[in-house]
Amino acid sequence: MNLDPKIKSKVNNWLEGDYDEQTKSTLRELVAQEKTNELTDAFYKDLEFGTGGLRGIMGVGSNRINKYTIGSATQGLSNYLKKQFPDEQIKVAIAHDNRNNAEFFAQTAADIFSANGIHVYFFEGLRPTPELSFAIRELGCQSGIMLTASHNPKEYSGYKVYWSDGGQVVTPHDKGIIAEVNAIQSNDAIKFEGNPGLIESIGEKIDKLFIESVLAASINPGVVKQEKDLKIVYSPIHGAGVDLVPRALKELGFTNVSLVKEQLVTSGDFPTVVYPNPEEKEALTLALKLAKEKDADLVMATDPDADRVGIAVKNNEGEHVLLNGNQTGTLIFNYLIGQWKEQGKLDGNEYIAKTIVTTNLIDEIAEANGVTCYNLLTGFKYIGALMTKLEGKETYIAGAEESYGYLIGDHVRDKDAVVACNIIAEMAAYYKHEGKTLYQTLQEIYVKYGFYKEELISLTKGGKKGAEEISELMQGYRENPPQELGGKKIVRVKDYQTSKAYSFDGKAETTIDLPKSNVMQFLTEEGYVITARPSGTEPKIKYYISVNTELDSVDNFVAKDAELNALIDDLSKSLLGSDDPG
C-alpha cells in the first residue's frame, strides 16, 4: 500500500495508542483492504476546530468526527471555561438534532464537562438549535454546545460552540478555545469518566418558555384569527423541528396545518431525501406533492436542526414554486418594517442585520423606511454578536442570511426557523387577507424598490487536492483580480482578507471595517455584485451572483426576469470556465 510515511505513522499511532477496540478494528480493516485514499483523507490533517466548532465526516481518524475529536474539543472548551470563570460554578447546556451518533456524541461531551466539575443541562431528546441558544440565556449558562451538521449529507456530524449570550463564539473567545483544543495532545488529557451528579436533564419546561418567546415575536396576531384556516404544509425533513414548529403554529392560531407524514420520522439516514437541505427542491418533493393535494397557500420545510427554513408559494398561475433565501428574507423584512411603520413603532433607532452575500434589495427597503441595515460577514454568529453589542442602545427588528436563516425578535442569538415559520405564516395570512399571495407581494416589492435577482453556484472540490485547488483559486483572485466578468467591467474589488476595497485606477482605497475573512467581492459598473467565498463547512467554493434592474410594472416581470437570468448565465460561465458546479 502506497501510503505517505507521515500518514502511515499517524495510522500506527491510532492502532497502538489508547483508542477503543472498535476504532482499532475498523482501522485494521481499512489497512487490510488497502483503502489508501480513504486512509489519506482520514489522517492527512487533524480535523480543525474552527471559529464555529467542528464539522466533518464521521469515522475513524484525526480528520473525522468521532469520540476522540469530540473529546478533544470538549476538554479544550472545559479548560478554557475554567480559566475564564475561575471562581464560578460553570454551567453549560447541551442539545443535539437527529444526526446518527448525535446523542452518543452529546453524552460523551456531557461526561467530559461533568468530569471537569461543570454543571450540564442536558436536553432529554432532539431539539432545535435556537432552543439551545434560548436555554443558555434562560439558565444563565456560560457556554453551550449543539451537536449538528445542519444540512450536510448524512455522513456528516458537527459540534457548534455557544457563549453566555446565546450566540456562537466570536473573537476573542473563538481563538482562545481553539488554542486550548490544540493544546490537547493525547487522549490521556481527556477526562472521559463523567459525574452523573452534575448532569441535569431538561425538556418541557424550557420548551414552554421557548414557545412563549416565539409567540411574543408576532407583530400582527389579529390577522391570524381572521385567516386561521390558511392552508399550510410543513415538513421537518426528519429533523428537530418535528414537534416545536407545528406546536408554535398551532399556538399562534393556525388550524389547517398538514404535516408530511413520511418526513415526521426522525432519522439520521434521511430516508426520503438525497440531502436534508431546504435549499434543494428535491428535499421538498413530498411537501410539494402534499401541497398540490391540499391546494396549500404555503409550504415550509426546516433543516435537521431547525434553524433554517425553505418555503414554496403559489405563483400567478397557481403552481407552487420555491422561493430562495433572498426572496423569503426580502418578504420578511418588507412585512416587518411595514408593520412597525403602520403601528407607529419606528422612531429612527431601529435596525436590521444581514450578511454581505444577502440581497441588497433589503438595504433598499430599510433605507426607504429610515431603518439602519448592518452588513456583516457570512455566519449568523456575527448578527448575534451585533445584537449583544447594541442591546439597550438600538432596537433590533430582524436578521437574515441568504442561506435560509432568519431571526425575528431578540429571544435568541442565532437563526431560528421556529419563529421564522410563525412569522412567514402570519405574513402569508396578512397578505391573503389583503387579497394577495406572497408571490404577488414580491413582484410589487420589485416594482417599488428594484428587481434584484441572485444565484448561488457551488463548486465541490473534495479531499486534500480539492482544498488545495480552492486555495489556489482564491489566491488567484487576490493577486490578479478579474477586470471584467461576463462582459461587464469590474469597477471595484473588496478583499475581506486584507480589509481593503479598491478600484483598478488605484484611487479611493478604503478600509473594510469587518473581521478579516477569506472572501473576495467584485462590483460592476451596473451595480452587480459577484462574491467568491470558500465554504467553512463543506469542501466547496461558493460564488454568489447578484444582478438588478428596474421594473416599472408587474406586467413586464417575465421579460425582465429573462434579462436577469441571461446576465446571471453570462457571469456564471465567465466564473466557471470549464468547471461544472457540484
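Buried means under 20% relative accessible area, and exposed means over 50%, with partly exposed in between. The model is predicted.

Beyond its neighbours within four places in sequence, T69 is in contact with L54, G61, S62 and R64. S553 is 484 residues from T69 in sequence, and the two C-alpha atoms are 56 Å apart in space.

S218 has its place in the loop between α8 (204–215) and α9 (221–226). S218 counts as buried because its relative accessibility is 16%. Not counting residues up to four places away in sequence, S218 touches L252, I423 and E426.

Q443 is found in helix α16, residues 438–449. With a relative accessible area of 4%, Q443 is therefore buried. Its contacts, leaving aside neighbours within four places in sequence, are N316, L551, V554 and F557.

T460 lies in strand β16, residues 451–460. At 41% relative accessibility T460 counts as partly exposed. T460 and V447 are 13 residues apart along the chain, and their C-alpha atoms are separated by 36 Å.

| Residue | Relative accessibility | Class |
|---|---|---|
| S218 | 16% | buried |
| Q443 | 4% | buried |
| T460 | 41% | partly exposed |

**Nonpolar cores**

The largest nonpolar core has 123 residues, of which M300 and I408 touch the most other members. Helix α15 (residues 417–433) gives the largest share of this core, 13 residues. Apart from it lies another core, of 31 residues, and F49, A109, A110 and V181 are among them.

Which residues surround I408? Leaving aside its neighbours within four places in sequence, I408 is in contact with A217, I332, L336, I397, A398, V419, A420 and I423. I423 is also one of the residues that S218 touches.

**Helix α5**

Helix α5 spans residues 102–115 and has 14 residues. From its first C-alpha to its last, α5 reaches 20 Å, close to the 20 Å expected at 1.5 Å a residue. The buried residues in α5 are A102, F105, A106, T108, A109, A110, I112, F113 and S114. The buried residues of α5 pack against helix α4 and against the strands β2 (91–96), β3 (119–123), β4 (143–147), β5 (156–163) and β6 (199–202). After α5 comes G117, with a positive phi near 80 degrees.

**The second largest pocket**

The volume of the second largest pocket is about 650 Å³. Its lining has 23 residues, and D46, S62, S72, I184 and Q185 are the closest to the centre. S62 is also in contact with T69.

Which helices each supply at least two residues of the lining of the second largest pocket? They are α1 (5–16), α4 (67–84) and α7 (173–182).

Notes:
Residues numbered from 1 in each chain as written. Predicted model: local features only at pLDDT ≥ 70, side-chain atom pairs only at ≥ 80, totals over all residues. Heavy atoms only, no water. Core = buried A, V, L, I, M, F, W, Y, C linked by side-chain atoms within 4.5 Å. Buried < 20%, exposed > 50% of the residue type's maximum accessible area, 1.4 Å probe, protein only. Helix = DSSP H or I, 4+ residues; strand = E, 2+ residues; numbered from the N terminus. Contact = heavy atoms within 4.5 Å. 1 Å grid on protein atoms, 1.4 Å probe; cavity = no way out; pocket = protein on both sides within 12 Å on 5 of 7 lines; lining within 4 Å. Points joined across faces, edges and corners; volume = space filled by probe spheres on them. Expected span 1.5 Å × (residues − 1).
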